[in-house]
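Trainee: I would like a close look at a single part of this model, followed by its wider setting. Please take it step by step.

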Amino acid sequence: MSGFQMTIGGAAAPTEGNFGVINPATGEVFAEAPQCSRAQLDAAFDAAHKAYASWSQDLDARRAALLKVADVLFANAEQIAATLTAEQGKPLADATIEVFGSGVWCQYFANLELAPQVIQDDDTAFVEVHRRPIGVVAAITPWNFPLLLGFWKIAPALLAGNTMVLKPSPYTPLSTLQIGELLAEALPEGVLNTISGGDELGAWMTSHPVPRKVSFTGSIATGKKVAASAAPDLKRVTLELGGNDPAIVLDDADPAVVARAIFAGAFANNGQVCSAIKRVYVPEALHDDIVDALVACAEAVTVGDGTDPTSKLGPINNGPQFERVKGLVADAISGGARAATGGKAIDRPGYFFEPTIVDGALDGSALVDEEQFGPALPIITYSNLESAIERANGTHYGLSGSVWSADVQRAEQVAGRLECGTAWVNTHLALGPSQPFGGFKWSGVGIENGPWGLSEFTEVQALYRSRTSDGLNPTSAANLVS
Ligand code: NAD
């Protein structure tokens, strides 16, 4: 047993069944997580529904509660980070940053404006546009940043007045269950319910009649299923899905300057970031220098157990993903590319893979065309910038991208032509709570973060107060009776 239980209606909800959680640094089951039953899912939505009536009424109380949530996260960061590292694999320092980041997100939303907007104030009427909560939210998260991506939903959804049932990935359920327990003191019962189970639990959530909104982060394939499942009763959906981010290096870039930042943008969280750099387009003239500089970065990085303070990269999170990354690299190499460094699993228990730079990868190979979501970066040569932009855009993905150059204005022009939700110049993965984040094309529907992300957890209500003595509106109804 992990000792962590589901939290439903503010109380621990013991289960009959459990499932094993693997530590990716060992490949061994180290804890059990509760398996939510259908009846418990009903109870969780019921609790969220009951809590909604009062939670949705008091904005000041919600702001205060979110600040309290942040304090609880900060005060318990060490224990939560230890759980996160054990189940996810990331180094403790990164896990701690994820916990603190989650608190920062709560603080940001706790202070975000939610005032009505006056659009008419004259003799005829006073008209205000309000943002009303939607109701109960079903929130589903992936395994790469279980906490932070959870709080990208919790903070705006709760601030807007919604209540929530949150399900993490079965690969990383424990840290979410832990925060559910810790926050039972900070939030009224039923406002945030944390449950765990397999993929089928996610499908039960999206087809359940109570939630009015599904906020989902995960793969494109699952996102399409979520959209289909939410459609029959017209639940609102936000889908944050996969990416295959291109980085385009322009011919005036200095390889020594850009390579370190490109490496960081590609290998953060061991490449398991939706908006990590997943393919690099380099001009022929810079090819050798960029490859050499990236190889030097890859060979300098320490890979190891996340509990070892010298580790900068941990293992890949889970067995299927480990096999996928291995397969994609092997496939690229059999297609004529070469591993300039790395290229294989590290010979030790767990899901460790060498940081890999794949040179000479071709468009059309799966490593370039699909999302690898792991520590293997293909370098693709171009001779013509127009064709590089076309190839960068020539996929169903559209999460983010970056352009690298000594000439910022030139880079900005190219970045503006990328078909993606975030276009960076001379950096990658710069994100913050006030910055909108979302995907073009198959990379998503809707936005998270900033006022845009808050809006996604609201319905728009126009509140029209007539000021005419007879209640007839001179621009429409009055014409019918004159
Ligand atoms: P996944 O789609 O396999 O699973 C995500 C979540 O969905 C898990 O909690 C899973 O249990 C649940 N799920 C599975 N089947 C479901 C169904 N039919 N209905 C409802 N829920 C279901 O994704 P993953 O492997 O956990 O995460 C990796 C993917 O997530 C990558 O593609 C990555 O790019 C993407 N991602 C996107 C963002 C973003 O903000 N755009 C952020 C992080 C990760």
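Is Thr-206 buried or exposed, and what is its relative accessible area?

Mentor: The model is a predicted one. Thr-206 is buried, since its relative accessible area is 2%, and the cut-off for that class is under 20%. The residue sits in helix α7, which runs over residues 199-207. Leaving aside residues up to four places away in sequence, Thr-206 touches Ile-140, Val-214, Val-226, Ser-229, Ala-230 and Lys-235.

A contrast is given by Thr-310, which lies in the loop between α10 (287-300) and α11. Its relative accessibility is 49%, so Thr-310 counts as partly exposed. The side chain of Thr-310 makes a polar contact of 2.8 Å with the side chain of Asp-308. Thr-310 and Pro-91 are 219 residues apart along the chain, and 8.8 Å separates their C-alpha atoms.

At the start of α11, a side-chain oxygen of Asn-318 comes to within 2.9 Å of the backbone nitrogen of Gln-321. Gln-321 is itself one of the buried residues of α11, and the others are Gly-319, Phe-322, Val-325, Leu-328, Val-329 and Ala-332. On the spacing of such positions, an α-helix has 3.6 residues a turn, so residues three or four places apart point the same way. The buried residues of α11 pack against β15 (356-359), α12 (366-369) and β16 (376-382). Just after α11 comes Gly-336, with a positive phi of about 115°.

Helix α3 (residues 77-88) can be read in a similar way. Its 12 residues should span 16 Å at 1.5 Å a residue, and the end C-alpha atoms are 16 Å apart, so the two values agree. Nine of the 12 residues are buried, so α3 is largely enclosed by the rest of the structure. The buried residues are Ala-77, Ile-80, Ala-81, Thr-83, Leu-84, Thr-85, Ala-86, Glu-87 and Gln-88. They pack against the strands β3 (17-23) and β4 (28-35), and against the helices α2 (59-75), α4, α5 and α6. Gly-89 follows α3 and has a positive phi, near 105°.

Among the partners of α3 are α4, α5 and α6, and α5 also packs against α6. The axes of α4 (residues 92-110) and α5 come within 9 Å and cross at roughly 15°; the two helices are therefore roughly parallel to each other. Their crossing is right-handed. On the α4 side the contact includes Glu-98, Val-99, Trp-105, Cys-106 and Phe-109, and on the α5 side it includes Leu-148, Phe-151, Trp-152 and Leu-159.

Helix α5 (residues 146-159) packs with α6 (residues 174-183) at an angle of about 50°, with the axes 9 Å apart. These two helices are therefore oblique to each other, and their crossing is right-handed. The contact is made by Pro-146, Leu-147, Phe-151 and Ile-154 of α5 and by Ser-175, Thr-176, Ile-179 and Leu-183 of α6. Pro-146, Leu-147 and Phe-151 of α5 also take part in the contact with α4.

Key
Residues numbered from 1 in each chain as written. Predicted model: local features only at pLDDT ≥ 70, side-chain atom pairs only at ≥ 80, totals over all residues. Heavy atoms only, no water. Buried < 20%, exposed > 50% of the residue type's maximum accessible area, 1.4 Å probe, protein only. Helix = DSSP H or I, 4+ residues; strand = E, 2+ residues; numbered from the N terminus. Contact = heavy atoms within 4.5 Å. Polar contact = N/O pair within 3.5 Å; in protein donor to acceptor, adjacent residues only side chain to side chain. Axes fitted to C-alpha atoms, helices over the stretch in contact; angles between N-to-C directions. Parallel < 35°, antiparallel > 145°, perpendicular 65-115°, else oblique. Left-handed = near helix turned anticlockwise from the far one by under 90°. Expected span 1.5 Å × (residues − 1).
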